[in-house]
Number of protein chains: 2
Amino acid sequence: MNPSQAAPGSQASLREANRLRVLEALRDQGAMTQVEIAGFTGLSPATVSNMVKELDTSGAVELEPSIRNGRRAVLVSLATGSTLIAGIAFGDRDVRVALGTSPRDIIGRQRMPLPADHAADEGMDRASRLLLDLVEKAGKTMADVRAVGVGIPAPVDSVSGQVGSESILPGWRGVAVAAEMQGRIQAPVAVDNTSNLAALGELRCGVLQGVQHGVYIKLSYGVGAGLILDGDLFRGAAGTAGEIGHLTIDENGPVCRCGNRGCLETYIGARGLLDALASSHGPLSLRDVITRALDGDPGCRRVLEDAGRHLGVAVAGLVNLLNPEVIVLGGQLSRVGSIILSPMRASLERCAIPSAAASVVLRESELEMDADVVGALVSAAALLPAGAGVLATAVSIS
Amino acid sequence: MNPSQAAPGSQASLREANRLRVLEALRDQGAMTQVEIAGFTGLSPATVSNMVKELDTSGAVELEPSIRNGRRAVLVSLATGSTLIAGIAFGDRDVRVALGTSPRDIIGRQRMPLPADHAADEGMDRASRLLLDLVEKAGKTMADVRAVGVGIPAPVDSVSGQVGSESILPGWRGVAVAAEMQGRIQAPVAVDNTSNLAALGELRCGVLQGVQHGVYIKLSYGVGAGLILDGDLFRGAAGTAGEIGHLTIDENGPVCRCGNRGCLETYIGARGLLDALASSHGPLSLRDVITRALDGDPGCRRVLEDAGRHLGVAVAGLVNLLNPEVIVLGGQLSRVGSIILSPMRASLERCAIPSAAASVVLRESELEMDADVVGALVSAAALLPAGAGVLATAVSIS
């Protein structure tokens, strides 16, 4: 995980950093005992022991009985298989790519900014180059990449394989994303909405593990949701379920990029937030607003609080309709924490059926900014033939 | 089906009437051949043949080889089993009770008005008396009733077994409905929201058969929805999923009985509709408004059209969130047909994600006013021990 993207010191980012340290040590030093790994990485023997158990379970390392210093010992080495999977998550302003041997075993990742309203071709070209770069750094070839999951920040019509709106992501209109990516990568490609993938990531590897009915809400440039119903990702009849961003909050409200008026996104999406601050604060980026709000800037706090209130109204509708156990807030805007969360919670309690509001718990994302790429890896793994061994390979993160 | 409740001449009500005619003929005349049934009922031989096949499949009749007029013939008679199930559907202004041998084989039904804001005790007493009456007319005793499904027009918290709101159905606040009914009826009781049950009825016996993702919307005094997701009724974490009536349409709108402002129900529920017409039309009942609108009264049409427009906004939200294949409109208000449907469809197309709007089909209810009692029978049948024979018994409808 890119430390600038993860809440520093969170349990998820620590575990992830430790996992990478162990994998990198094994790549650089070759087979080692657990004592040697602890010595080399500076991790405690208990941490190394837990991590090696996890990596062994997921097939990322191999254990072999041996003798060291005249005593019996178990040597840990990177597993030698070569099946790789990739996850690609397009944002409104960037693309992130992860290469792994399983959704839990990411061996490399990279991020690159994208211009606003970029064309699909440009985004897909950059993503393919990032992936090739990661593969080469891992000492592998693209032929080792057996499946790719791709997320885009727009509804994806599962029948046509295209963005399900003419105007939400204009550069991607009419593009058959899976076929286009497959042409570039020469591996099977699954395409889904990034909020769906983030929900899937949290379900399989994060805070939604074991949850029957949960909702992941991604707050970023836009706002979307992924629904976990009956313990699995719910995509609806044509793959576009979860479009909370285009719920109507006010029939006569501002015009949204989707063509409707008063969608939730016009109140909590980046365009609305930045427009509201333009005359008082001048041009800001979404990151600026987040930083200033956390630093106590009253105007930035206020627009986020108002956005939280509107979000709570929409979430109340979602709670009334679906009666979930857990709602997870993710995406970069969720980093402002209680500035959005408190007014959201107040609106939720005011607007939802009391028993439904009482039965829902609000949780923070565990995978944080990685939720969608992890979900993309999950969807890639689902494309592999049953029983295909997904084994660890060498790591190269510079 | 009470003919006054069913759209006259609809296929569902015709089939139902024919089924009753055949069952009543067998009760009154004893065993008959299919030719004799046709002669006695005036139905065509083909209709009788289809109906007998259906009744035989569901176990309501028994077929026995015999000789009539020197020729081989098959005698049809009522099956002699005695396991009965009952469905009870409370409305805001009435209660309907059905007695059957299966959800498809209703052998008697009755309806009784209830005062607005009645106390739960009064409603449950009346329902129990109606059920006892039906059982006695069928020549049976309450001991033959093995399970009862009960629907109430409010969210039901599956954990507490109570209405999930302090104010939606005030007369029922804090009442443990299943336990109370069980005390009166001495049989296992399942309690659910009537919209959920109507969806379940349409799923098992009506227009939602075979549908994976569908929504039943009940338009009556209030408005609610039942969700069919992945081919089954979706109740959410605590049983209250589907509460479309309390989606916020306008944060600053009229105060709703649930305590929130601007809920869909304040725009399309009976109170809002009747209030809007009070100054121009004087006091009307919901039935009056429906009748007058169908007769062309401009004011009544206008409030229903406006309600349809608001309904479409809420339904667009539901379509964005769940991306269903089918939406079914039921409940007495749905009888105005295109007066509500046309503006609703226009709002839906304007407000929903285009691909989600394009993939949903609007359908009319097939079970009509019976959808909820049929669903109650389905939920009752689910309480029976697996393998319990549900057989037909004598019919007595006066």
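Visitor: At what relative accessibility does B:Asn320 stand, and does B:Asn320 count as buried or exposed?

Guide: B:Asn320 has 0% relative accessibility and therefore counts as buried (buried is under 20% relative accessible area, exposed over 50%, partly exposed in between, with a 1.4 Å probe and protein chains only). This is a predicted model, in which local features need pLDDT of at least 70 and side-chain atom pairs pLDDT 80 or more, while totals for chains, interfaces and linings use all residues. Residues are numbered from 1 along each chain as written, chains are lettered from A and ligands numbered from 1 in the order written, and side-chain values use heavy atoms, without hydrogens and water.

B:Asn320 belongs to helix α10 of chain B (helices, H or I of at least four residues, and strands, E of at least two, are DSSP runs numbered from the N terminus). Apart from neighbours within four places in sequence, B:Asn320 is in contact with residues of both chains (contact means heavy atoms within 4.5 Å).

A rotation of 180 degrees, with a shift of 0.1 Å along its axis, brings chain B onto chain A at an RMSD of 0.1 Å (superposed by least squares on C-alpha atoms of residues with pLDDT of at least 70 in both copies). The two copies are thus related as by a two-fold rotation axis. Both copies use the same surface, and 100% of the contact residues of chain B recur in chain A. Chain B brings 44 residues to the contact, and chain A brings 44 residues. Between them the chains bury about 3,400 Å², of which 59% is on carbon and sulfur atoms (the accessible area, 1.4 Å probe, lost on putting the two parts together and summed over both).

Between chain B and chain A there are 2 salt bridges (a side-chain nitrogen of Lys or Arg within 4 Å of a carboxyl oxygen of Asp or Glu). One salt bridge across the contact pairs B:Arg309 with A:Glu251, with 3.5 Å between the closest N and O atoms. On the side of chain B that touches chain A, the elements giving two or more residues are β9 (223-229), α10 (298-322), α11 (338-351) and α12 (354-358) of chain B. Of these, α10(B) gives the most, with 8 residues. The helix α10 of chain B is also where B:Asn320 lies.

Salt bridges occur elsewhere too: over all chains, a search of the whole structure finds 39. In chain A, the side chains of A:Glu54 and A:Arg19 meet at 2.8 Å, N to O. This pair links distant parts of the chain, 35 residues apart, with A:Glu54 in helix α3 (residues 45-57) and A:Arg19 in helix α1 (residues 11-29). A:Glu54 is partly exposed, because its relative accessible area is 30%, whereas A:Arg19 counts as buried at 6% relative accessibility. Also in chain A, a network of salt bridges links A:Asp94, A:Arg96, A:Arg111 and A:Asp372.

In chain B, B:Asp117 forms a salt bridge with B:Arg271, and the closest N and O atoms are 3.9 Å apart. B:Asp117 sits in the loop between β5 (105-113) and α4 (120-137), and B:Arg271 in helix α8 (residues 270-281), so the pair ties together parts of chain B that are 154 residues apart in sequence. Both B:Asp117 and B:Arg271 are exposed.

The loop between β5 and α4 of chain B also holds B:Leu114. B:Leu114 is buried, since its relative accessible area is 4%. Beyond residues up to four places away in sequence, B:Leu114 touches B:Phe90, B:Asp92, B:Arg93, B:Asp94, B:Val95, B:Gly123 and B:Arg126. B:Leu114 and B:Ser66 are 48 residues apart in sequence, and their C-alpha atoms are 50 Å apart.

One further pair in chain B is B:Asp232 and B:Arg204, whose side chains meet in a salt bridge at 3.5 Å, N to O. B:Asp232 lies in strand β10 (residues 232-234) and B:Arg204 in helix α6 (residues 194-205), so this bridge ties together parts of chain B that are 28 residues apart in sequence. B:Asp232 counts as partly exposed at 39% relative accessibility, and B:Arg204 is partly exposed at 38%.
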